[in-house]
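Subject: Structure handover

Hello,

Here is the structure for your files. Please open it next to this note. My findings follow below.

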Amino acid sequence: VAEALGDSAGAVNGVVNNKWPASTAAIEAAVRRAYMATTVCCPVLGEIGQAECEANQARPFSAANGLRVRLYRACRDGCTRSRIGDAGARA
């Protein structure tokens, strides 16, 4: 489970046993992505999985593919699902 969530076994164990001292919001979000098939509405691709959305946000700029350019810009230009904020550079 920890591997699927991208977290440590200790963190998962702490959350499951209600002994995790920090906020569990990040682990909860990882569980939703990995096991609950949460979808979001992407302004470029339409309905996609939240994990795919976050993967697109993490990709670097590439001018070699028009779709990647559109995704890069959309993720950094006010998409409500973006976790990048205004700090992302625009291409």
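Which residues of β1 lie on its covered face, and which on its uncovered one? Val 40 and Cys 42 form the covered face. Thr 39 and Cys 41 form the uncovered one.

Before the rest, the ground rules. This is a predicted model, in which local features need pLDDT of at least 70 and side-chain atom pairs count only at pLDDT 80 or more, while totals for chains, interfaces and linings use all residues. Residues are numbered from 1 along each chain as its sequence is written, and side-chain values use heavy atoms, with hydrogens and water left out.

**Overall layout**

The protein chain has five helices and two strands. Helices (H or I, at least four residues) and strands (E, at least two) are DSSP runs, numbered from the N terminus. Along the sequence the order is α-α-α-β-β-α-α. The radius of gyration is 16 Å, well over the 12 Å that the globule rule gives for 91 residues, so the protein chain is more spread out than a compact globule. That radius is taken over C-alpha atoms, and the rule is 2.2 Å times the number of residues to the power 0.38. The C-alpha atoms fill a box of roughly 45 × 25 × 20 Å along the principal axes.

Buried residues make up 29% of the 91 residues. Buried means under 20% relative accessible area, exposed means over 50%, and partly exposed is in between (1.4 Å probe, protein chains only). The accessible surface comes to about 6100 Å². Carbon and sulfur atoms hold 51% of that surface. Areas come from the Shrake-Rupley method with a 1.4 Å probe; for residues, only the protein chains shown count as cover.

Now contacts, meaning heavy atoms within 4.5 Å. Take those in the protein chain with a separation of 6 or more: residues 24 or more positions apart account for 29% of them.

On charge, there are 11 positive and 8 negative. Their mean positions are 4 Å apart. Lys and Arg count as positive, Asp and Glu as negative; His and the chain ends are not counted. Each charge is placed at NZ of Lys, CZ of Arg, CG of Asp or CD of Glu.

**The strand pair**

β1 covers residues 39–42 and β2 covers residues 46–49. They pair in the antiparallel sense, over four bridges. Two strands pair if DSSP finds at least two bridges between them. A hairpin of three residues joins β1 to β2. Thr 39 stands opposite Gly 49. Cys 41 has Glu 47 as its bridge partner in β2.

Back to Cys 42 in strand β1. Its relative accessibility is 12%, so Cys 42 counts as buried. Leaving out residues up to four places away in sequence, Cys 42 touches Ile 48 and Leu 71. Its C-alpha atom is 9.9 Å from that of Glu 52, 10 residues away along the chain.

Asn 56 sits in helix α4 (residues 50–58). Is Asn 56 buried or exposed? Asn 56 is buried, at 7% relative accessible area. Beyond its neighbours within four places in sequence, Asn 56 contacts Leu 45, Ile 48, Leu 71 and Cys 75.

Helix α5 spans residues 66–76 and includes Leu 67. Leu 67 is partly exposed, at 38%. With neighbours within four places set aside, Leu 67 is in contact with Val 44 and Leu 45. Leu 67 and Val 44 are 23 residues apart in sequence, and their C-alpha atoms are 8.2 Å apart.

Arg 76 also lies in helix α5. Arg 76 is buried, with a relative accessible area of 9%.

**One backbone angle to look at**

Most residues other than glycine have a negative phi. Asn 18 has a positive phi, near 55 degrees. Asn 18 lies in the loop between α2 (9–16) and α3 (25–35). Asn 18 is exposed, with a relative accessible area of 72%.

Best wishes
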